[in-house]
Amino acid sequence: MALLSVQDLSVKFGGEFGAVSAVKNVSFDLHRGERLGIVGESGAGKSITGFALMNLLSAPGFINRGKVLFDGKDIVRMSERQLRKVRGNRMAMIFQDPLVTLNPVLTIGQQMIETLLAHRRLRRDEAEFIAIQKLREVYISSPEMRMSQYPHELSGGMRQRVIIAIALLLDPDLIIADEPTTALDVTTQADILELLLHLCMSNNVSLILITHDLGVVCQLTERIMVMYAGEVVETGKTREVINDPQHPYTQGLISALPQQTLPGHTLKSIKGYMPSLLSMPSGCPFHPRCAYALDECREHRPKLVHYRDASVACHEVNRLHQETLAE
Ligand SMILES: Nc1ncnc2c1ncn2[C@@H]1O[C@H](COP(=O)(O)OP(=O)(O)O)[C@@H](O)[C@H]1O
Ligand SMILES: [Mg+2]
């Protein structure tokens, strides 16, 4: 059984002009120890999906359909009490800005010890021992000394290491990391990503990595899910999708990568903008930006069609595939 099985998950935001769909029909399975990257431009619905997976959406956002089965139990239908148990013990979330997670008026040690004591029957000195050990695991120097420091006394990279140590405190099965390194400089970013990968692999922790950066997904994940305007447009093995993207949107994201650009040439980006949820185009949501769009694309919404190890929501790709099969 998959550790996490997401089935037809949809999220809406209620508003003055009626509810808009921010996430539509997202389905995927994640196995123990597996690492999945969720990519797409800003506004694609990645963070909302991450929050929905932990049932952490707040009004006006709500899950309006679907299941999120964690170890077979549906998170969408859990009571707040059951949720706190799962969230604390088995799933942890890492955000872009460590200051969102860290309490500025408590020392690192106080925050870690309180978290442990809230979830485990431990003596304070036992909790302190575990906290120091976790700080050591994320390569924080002089962890005993760090325990008595406040978040603002640490550098950005150090703070993100502390966040990772906190995420690992209760030995979770799944970590959801939302743009965990976007706020850091490039060198620190690389160190933190390597650390995250190492920790997930050595503890057999599953990872959902949310990012707009395909390079990061390539480095850390085995599977990829590309989102556009709240929908999944392509999934597959990360390496295969990066080497041979099928959906024109994925192709666009890849040709916009810096290493795809020759020196002296400007960085390509995909023309146009992702539509607002309030004015979604007819048919395929990507058609106004797509170089291959035909009438069919303007009129009918493509379904996500599943192949052996992958899936794509594009009329053209699916037609070519059928032609190949017919030959
Ligand atoms: N509080 C909110 N109220 C209404 N709509 C929202 C709210 N938060 C997010 N959205 C909508 O959901 C879309 C997806 O947001 P998000 O998941 O944060 O995107 P990203 O892929 O950049 O993480 C946004 O473009 C926005 O239209
Ligand atoms: Mg986001």
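Helices are DSSP runs of H or I with at least four residues, and strands are runs of E with at least two, both numbered from the N terminus. The model shown is predicted, with local features requiring pLDDT of at least 70 and side-chain atom pairs pLDDT 80 or more, while totals for chains, interfaces and linings use all residues. Residues are numbered from 1 along each chain as its sequence is written, chains are lettered from A and ligands numbered from 1 in the order in which they are written, and side-chain values use heavy atoms, without hydrogens and water.

**View 1. The end of helix α1 and its buried side.** Helix α1 covers residues 46–53. Its buried residues are Lys46, Thr49, Gly50, Ala52 and Leu53; buried means under 20% relative accessible area, exposed over 50%, and partly exposed in between, with a 1.4 Å probe and protein chains only. These residues lie on the same side of α1 because they cover an arc of only 165 degrees around the axis, the arc being that of the directions from the helix axis to the C-beta atoms. An α-helix has 3.6 residues a turn, so residues three or four places apart point the same way. After α1 comes Asn55, which has a positive phi, near 55 degrees.

**View 2. The residues around ligand 1.** The shell consists of Phe13, Ala22, Glu41, Ser42, Gly43, Ala44, Gly45, Lys46, Ser47, Ile48 and Leu277; a residue belongs here if one of its heavy atoms lies within 4 Å of the ligand. Five of these residues are nonpolar, four are polar and two are charged. In this classification, Ala, Val, Leu, Ile, Met, Phe, Trp, Tyr, Cys and Pro are nonpolar, Asp, Glu, Lys and Arg are charged, and the others, Gly among them, are polar. Helix α1 gives the most to the shell, with three residues.

**View 3. Polar atoms facing ligand 1.** A polar backbone atom of Gly43 is 2.6 Å from an oxygen atom of ligand 1. An N or O atom in the side chain of Lys46 is 2.8 Å from an oxygen atom of the ligand, and a polar side-chain atom of Ser47 also lies 2.8 Å from an oxygen atom of ligand 1. The protein covers 62% of the 560 Å² of accessible area that ligand 1 has on its own, as computed by the Shrake-Rupley method with a 1.4 Å probe. Ser47 is in helix α1 and is partly exposed, with a relative accessible area of 29%.

**View 4. An aromatic cluster.** Tyr228, Tyr249 and Phe286 form one aromatic cluster. Rings of Phe, Tyr and Trp (its six-membered ring) pair if their centres lie within 6.5 Å; planes under 30 degrees apart are stacked, over 60 edge-to-face, and the rest tilted. The count comes to four aromatic pairs. One of them, Tyr249 with Phe286, is edge-to-face, at 5.3 Å centre to centre and 65 degrees between the planes. Tyr249 is in helix α11 (residues 248–255) and Phe286 in the loop between α11 and α12 (295–299), 37 residues apart. Tyr249 counts as buried because its relative accessibility is 0%, and Phe286 because its value is 3%.

**View 5. Gln160 in helix α7.** Gln160 is placed in helix α7 (residues 156–168). With 1% relative accessibility, Gln160 counts as buried. Its side chain reaches the backbone oxygen of Phe95 at 3.1 Å.

Technical notes. A polar contact is a pair of N or O atoms within 3.5 Å; within protein, one must be able to donate a hydrogen and the other to accept it, and residues adjacent in sequence count only if both atoms are side-chain atoms.
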